[in-house]
Amino acid sequence: PGAPELEKRQVGDDGFVEMSLPELLEWQGVLARLGIPLQSALEIAVRAKGKGGDLASGLLASGVGAARLVRAMAADLGIAAADHVDAERLIVSEEHALALLRHRGGHVPVKLLERGGQVSFLITPERIRLDLVRQRVRASPALASRLKLVPAAELRRAILHRSSAVLERKAINGLFDRFPQMSARVVAQAWQGIVVGFVLAAVPVGFLLWPLETLTVLHGLATFFFLTCVALRFAALAGGRPRVVRPRLLMPPADAPRFSVLVALYKEADLIPYLLSALDRLVWPRDRLEIKLVCEADDAATLEAIRAHRLPPHIEVVEVPPGQPRTKPKALAYALPLTGGEFVTLYDAEDRPDPMQLVEAWQRFRASGPDLAVVQAPLEISNGRENMIARMFAFEYAALFRGLLPWLSRRRLVLPLGGTSNHFRREALDKVGGWDPFNVTEDADLGMRLARFGYRAETISCRTRESAPTRFEVWLPQRTRWFKGWSQTWLVHMRAPSSLASNLGLGSFLVAQVLFGGMLASVMLHPVLLLTMVMLAVELLSTGPIGPGRSVLFLVDVINIICGYLSFLLLGWQTLDESERRGFWKVVLFTPLYWMMLSVAGWRALWQLWRRPHHWEKTPHEVYADEA
């Protein structure tokens, strides 16, 4: 309050300055060295204070270079200054370094072993009290010779360089060291491998020796998996489309909690301008917001695209050392210790989140107890009319994020998170071990792990728009990775089924079996049912009655296919708006082909689970008109 008036006032004497912003008096010597008039300094200070910053941050934002500011401050204080910090000469413990990186406490003294053998204490301009430093320097002249002022970003860079090996080790081994039974580092335990091997050997042998009996058993299994998925969809359908009532969103106060936003990037150079624009629209106090653009250190094109933009102080680039496993969750696990937010948010490069999404997430957390660990924003496809692949993708997302997930949330059942627009309570994220770097669908696994630790997940209303793949060669690797990750998640958490059931409760245990086991099994067995039904139909039409055994198989196939398609189509139809229902007949006609595509992805996922379990197939993202 009153800031605009301060900007209009003329600074006539020190009394007014002391009354309005006493900070300026202790900075007069520095300002003189920088050649900044008191009137301009007052305006800079007012703007910085309005954003929750101090005069040092305001001077940097106004265009004063960090090195120039440091030299002026050091000269005024009578201490040394340095533009560069040799990371190898830092004297700092691993624990202290990580604490500094997490809380951005660059103003806490850090020791540096000088080349002459003496030890200096490094301080930065962040939140510095010049008068206090002056008093200490005057009281202890020996201290002045040991203090060295350095740019905050340079000290942080040096500490980060020094800690990179520790961060990488923790990112790769952190979950496995704490909860080895919940890590996908080992894909399957011995007994699981034996079961899978037995099934893979028994099926071809069975078809060779007992073809009709083997086909009957497979149909029985397919029927079971199909009907469990059908039952889940019809249950969500019966719950009705939830009435989306957007809550009254209040602007966050000045003392709002800190949000840490992580965006994992790999080969996304073309999307950087649109991503930065989308992030800039987020409504949250900038001094209470930190955004980490997490990149692979050898992704030169993306890093160059980012460096082409002048990033605001709350956005930082985190370079992840290249190494296996090369996955998104490994990058996120590397970056997490560098954040200090009470809440952690994930976005992808192609996301355009609602500007008020952080506000709604905060209000939901504030209104709930500590057992609420994560809220999921709905994902919405923006290019659904591009072609049939994009249309089917958009239809699936509507059924999932408007239908199934809200239904699961209302019943407090386990929630398979989407890979983006998750907002976590940091305390819960730390407690369960963070992301599994070896699981290629880290979202699904983390949703399961949070539920096993007794946490809840809910959905919110502020959406995130993103683009769907439009080409089969882009769609297939993405869907393969999803299916492979669901398989990993199911295998990991089913290592001890009784323990899983005890952790989740019966309802969530059954839902998990359907979501991660049943869905994959049903799409893989779908071609068996469809082809058998077609062959029996052809035989029936060409030769007449086909006998009781074949008739039963034909009837089972017809029921499975009709119920499967119907539940898929009805759940999606219920979640569509009136305008989105135009052209629904195309979805109906394309569904059998789309399910065959899903089957191809499912079998491909099974092959990769055996040959390349931790390989992350990158999905390239295209720029669409609504992003430009």
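Which side chain does a polar contact of 2.9 Å join to that of lysine 328? Select lysine 328 and aspartate 348 to see the pair: the contact runs between the side chains of these two residues. Keep in mind throughout that this is a predicted model.

**Around lysine 328**

Stay on lysine 328 and show the backbone of glycine 419. The backbone oxygen of glycine 419 is 2.7 Å from a polar atom of the lysine 328 side chain.

Next, display the other neighbours. Leaving aside residues up to four places away in sequence, lysine 328 touches Ala264, Asp348, Gly419, Glu442 and Trp616.

Is lysine 328 buried or exposed? Its relative accessible area is 14%, and because that is under 20%, lysine 328 counts as buried.

**The helix that holds it**

Select residues 328-335. This stretch is helix α16, and lysine 328 lies in it.

The crossing of the two helices, α11 and α16, is right-handed.

To see where they meet, show side chains on both helices. On the α11 side, pick Ser164, Leu167, Glu168, Ala171 and Ile172. On the α16 side, pick Lys330, Ala333 and Tyr334. Colour this selection by residue class: the contact of α11 with α16 has five nonpolar residues, one polar residue and two charged residues.

Methods. Residues numbered from 1 in each chain as written. Predicted model: local features only at pLDDT ≥ 70, side-chain atom pairs only at ≥ 80, totals over all residues. Heavy atoms only, no water. Helix = DSSP H or I, 4+ residues; strand = E, 2+ residues; numbered from the N terminus. Buried < 20%, exposed > 50% of the residue type's maximum accessible area, 1.4 Å probe, protein only. Polar contact = N/O pair within 3.5 Å; in protein donor to acceptor, adjacent residues only side chain to side chain. Contact = heavy atoms within 4.5 Å. Left-handed = near helix turned anticlockwise from the far one by under 90°. Nonpolar A, V, L, I, M, F, W, Y, C, P; charged D, E, K, R; others polar.
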